[in-house]
Amino acid sequence: MANQNTLPLYQKNWIKHRFSRAMDSLVLLLLFMLLGYRVCSHNIYTFPWFVAFLCESWFTFTWITTISTKWTPAKTTTFLDRLFLRVPELPQVDLFVTTADPVLEPPIITINTVLSLLALDYPANKLACYVSDDGCSPLTFYALVEAAKFAKHWIPFCKKYNVQVRAPFRYFSDEVTANKNDLPEFGQEWLKVKEEYGQLCRKIQNAAQKSNPCQLLGEFAVFSETQLRNHPTIIKVIWENKEGLSDGVPHLIYISREKRPEHPHHYKAGAMNVLTRVSGLMTNAPFILNVDCDMYVNNPKIALHALCILLDPKGEQEVAFVQCPQRFYDAVKDDAYGNQLVALPMYIGGGFAGLQGIIYAGTNCFHRREVIYGLSPDEGVQNSKDFGFTNGTLSEKELVHKFGTSRGFIESATHTLEGKIFKTKDSLLKSLDLEAESQVASCEYEYSTAWGKQVGWIYGSTSEDVLTGLEMHTKGWRSEVCSPDPMAFMGCSPQDNLGQMAQHKRWSSGLLDIFLSKHCPIFGTLFGKLQFRECLAYIWITNWALRSVPEICYAVLPAYCIITNSSFLPNKEAGMWIPATLFVMYNISALLEHVMTGLSVQTWWNNQRMGRITTMTSCFFGFLDILLKRLRISDTVFEITKKDQPSSGGSNNKNVGRFIFNESLIFLPGTTILLVQLIALVTSWWRWLTLVKNERAYGVGEVFCSAYLVICYLPFLKGLFGKGKYGIPLSTICKATVLAFLFAHLCNGTATN
Ligand SMILES: O=c1ccn([C@@H]2O[C@H](COP(=O)(O)OP(=O)(O)O[C@H]3O[C@H](CO)[C@@H](O)[C@H](O)[C@H]3O)[C@@H](O)[C@H]2O)c(=O)[nH]1
Ligand SMILES: [Mn+2]
């Protein structure tokens, strides 16, 4: 029998998506045929023909990166039972939670996430939870203080009855849970804990309603003279597991880093780096789990599953981070706004997993602290990990240049990089050298150090997550997906199209920023250790915003052709079946992927439609944002997504899924494209009445494309006639009308020339 201790702790299985592969290849073949057909049709070289050729070349290139990414998907299985045989003592894990705004991110959501983390199925004396509050909010702090009191009842309750969902708002929203357990005392305890949770919520609600939430007395006095962007560091140990009880409540620490108006704070990446340093001084766990404030733990054993991968003999040498999928609760029916990201991560994410590894998605991710400190895999496998910190080969100056001036931090980082166990000091509070911790959380600490460049979360993009993961892959690390059943984490997705559009704009601009920077994946392959197909996959993802330009051009082509009585599709010749088959095949393939993932046909359609709308609006604005940033006209900002208070009783509101509009310019391109198509369709109808068939240069293809776009933009069409927030503002309609008629006029101009 094989030695139990040498058995792998996880296994990677390759999935065979044969059907999906066949369909994708067919689509690629058709794209090549279309391009070939265009090149060969010398007799009809026209302007729209040429524009179509350029756009389709881009689509073909994107499709090649898509196929390459999806081609060899993989899934991992973890073996929890083997973990305990291999590791007699579980390692420490530091838990990071970020929050930034008590209004957009209600503290009740944050504390639910924190409670679910504190209640992980893991020895409590091996956990420490650090909450970064970029909102510097006494309310958030108050909520955490109260939550820590409640945790003393909540955690034993969860562990005693093996509760699965350890975020109380979710657990108590399900009335049937009370009857699931037959133990007589369960019902009573359930009621008691529920009542306590109710009290906790009421306390927080009451505090939120006061203008001065906590009277700013005692512990809260530090908040009395703070402003959002101008305040000193606040670090508070809310709860300390002093006795080191493995079944107690883990440490809970609140951190609001120093902010000064003249210092850039680098948004979430900056917050993560402060958390890394403060925790380095306090607990210095070798593993870090980071979640956004809304991502509660849905599978209490998730830390154990992730450690199976990170502590596996092979994983230990190769895997930098373990990413768990993002899923959302209270999803809008049939994914009306196309932001649930279910089918896409399944195919694309699975594909990434089969290559060098999944991207880092910013939340639900387990990191190795040493990798965050910039370690490469070849340094990691050296038998004696000695970087010359202790024997003094690395000069004091180099260390300070890398990690900053804190002696304590350099010492703890040295421990981490040399693979030594960090001996936690007797007591957090006793060791709490506030000066040292405040020093590493100050806004000047990172100046002329490697933080944000080679160490920690990398700065320069609003998609700091993908950038940080890419840097790790470029160093040669791999990453793995961990998706045990039940789903590891659940979070909150935007509940309306405004949130969805802002989020996609931030993602697409942040990703394009990466592509255009010195961290570009192409350089990663040329000069680093990013594997070729992983590079293609990163190109696929970072080019999102660029896609908007050819898509908008392609969307106005049918209208252009109808208005100018020309054509861009091989309408009348034998080649017509190529684009027609391409359209049908592409849609069937996407539809089947949705259905096979267990999603409805309506969800497929909503995703298709939102795909068109998002690319031409949010991604286009993401593209413009980066253009302005490169021209040094304006910088990109991290707009926080609003997290709605959890709904009770489900949403049967008839307006769910409807688009809402405001004065934002983001609605202008969509409205204009819709109006242009409407003008084209009216023109086409008029031509149909007045021209004989042979005089019409365009055919069914162009009219179909125009009509298809109108159907995709149905939410905008409804918006033209909607009232209040459901209607597109008159000013936007006027601007769009002017643009649309200008376009029609220019078309006519080019046609008569
Ligand atoms: O200045 C800031 C801004 C944001 N955050 C936190 O960042 C997280 C993510 O922000 P959110 O508005 O929820 O953005 P999402 O689009 O939902 O987040 C996704 O995309 C981000 C990158 O754009 C990643 O950082 C996230 O982890 C990922 O879940 C939240 O916990 C915020 O509190 C900060 O700590 N400081
Ligand atoms: Mn979020």
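These legends walk through a few close-up views of a predicted model.

Local features here need pLDDT of at least 70 and side-chain atom pairs count only at pLDDT 80 or more, while totals for chains, interfaces and linings use all residues. Residues are numbered from 1 along each chain as its sequence is written, and chains are lettered from A and ligands numbered from 1 in the order in which they are written.

**View 1. An open sheet of eight strands.** Follow the order E5-E6-E4-E3-E7-E11-E9-E12, where the pairing is mixed. Strands (E, at least two residues) and helices (H or I, at least four) are DSSP runs numbered from the N terminus, and two strands pair if DSSP finds at least two bridges between them. E5 (234–239) and E12 (478–481) each have a single partner strand, so one side of each is left without a neighbour in the sheet. From one strand to the next, the twist averages 20 degrees.

**View 2. Strand E9 beside E12.** E9 (residues 319–323) runs parallel to E12, joined by four bridges. Look for Phe 321, which stands opposite Ser 479 in E12.

**View 3. Helix H9 across the sheet strands.** H9 (residues 267–282) lies across E3, E4, E5, E6 and E7, at about 145 degrees to E4. Angles run from 0 to 180 degrees between N-to-C directions, with axes fitted to C-alpha atoms, for helices over the stretch in contact (C-beta atoms, placed from the backbone, within 7 Å).

**View 4. The shell around ligand 1.** Here 24 residues surround the ligand, the closest being Thr 98, Tyr 267, Asp 292, Gly 362 and Thr 641; a residue is near if its C-beta atom, placed from the backbone, lies within 6 Å. E3, H9 and H20 (497–515) each give two or more residues, and H20 gives the most, with four.

Technical notes: Contact = placed C-beta atoms within 7 Å.
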